[in-house]
Amino acid sequence: MRSYHRLLDRIVAGDANPPAVVEALRLPGIDGWAADGRVWGTWEVDPVVVGPGGVFGGYLAAVADSYSGVCMYTVLEDGQWLATRELTTRFLLPVTGGRVRTESTVVRTEGRRVWVDTVFTTDDGLKVCTAQAVQVVVARKPAAGAPPRPASPALPQVTP
């Protein structure tokens with residue numbers, strides 16, 4: 001089992017400490033993951049992120065960025081790291097409170113670039129927001145004593 005998969009299991013079990021930024025921004029965690037490139041979670045809208053028109057769009061974008069990054073853990077090899085290169089968010093309906101389900105899915109890889117789609121839906125099944133992130137694998141650390149690996153590793157191709 002990859003170390004990222006073990007980390008995902010710990011996140012789901014509540015045994016992993018979230019990064020400081022996740023706590024500071026009150027970002028929701030995930031409820032589950034699948035090795036085919038998916039993570040998902042359902043969370044209660046925190047009233048502190050709700051303005052007169054609904055949840056602050058930047059907050060939903062931060063959730064999408066967080067989920068797409070965690071989604072990458074399903075496909076990264078040990079020692080690989082990632083960076084968000086681009087994030088496009090589309091706000092479809094206002095979110096004023098209640099519960100929101102968020103699911104991110106790896107939809108395509110091309111060399112070091114990986115596209116991750118994120119969908120936000122309400123308990124009623126209404127799609128309220130979508131996002132697409134382009135993630136880039138930026139480094140690969142060699143194992144102790146191993147010869148250096150190429151600086152630009154390619155990920156396995158993912159078919160939706």
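**Close-up views of a predicted model**

**View 1. Buried residues of helix α3.** In this predicted model, the buried residues of α3 are Tyr 59, Leu 60, Ala 61, Val 63, Ala 64, Ser 66, Tyr 67, Ser 68, Gly 69, Val 70, Cys 71 and Met 72. Because 12 of the helix's 16 residues are buried, α3 is largely enclosed by the rest of the structure. Its length can be checked too: at 1.5 Å a residue, the 16 residues of α3 should span 22 Å, and the 23 Å between its end C-alpha atoms agrees with that.

**View 2. The largest nonpolar core.** Here we look into a core of 31 residues, in which Val 39, Trp 43 and Phe 120 touch the most other members. Two or more residues come from each of α1 (3–13), β2 (38–44), α3 (57–72), β6, β7 and β8 (127–140). Helix α3 is the biggest contributor, giving eight residues to this core.

**View 3. The surroundings of Trp 43.** Neighbours within four places in sequence are left aside in this view. From α3, Trp 43 meets residues including Tyr 59, Leu 60, Val 63 and Tyr 67.

**View 4. The hairpin of β6 and β7.** Across the pair, Thr 105 stands opposite Asp 117 in β7. Two residues lie between the strands of this hairpin, where Gly 111 takes a positive phi near 65 degrees.

Terms used:
Residues numbered from 1 in each chain as written. Predicted model: local features only at pLDDT ≥ 70, side-chain atom pairs only at ≥ 80, totals over all residues. Heavy atoms only, no water. Pairing = 2+ DSSP bridges. Helix = DSSP H or I, 4+ residues; strand = E, 2+ residues; numbered from the N terminus. Core = buried A, V, L, I, M, F, W, Y, C linked by side-chain atoms within 4.5 Å. Buried < 20%, exposed > 50% of the residue type's maximum accessible area, 1.4 Å probe, protein only. Contact = heavy atoms within 4.5 Å. Expected span 1.5 Å × (residues − 1).
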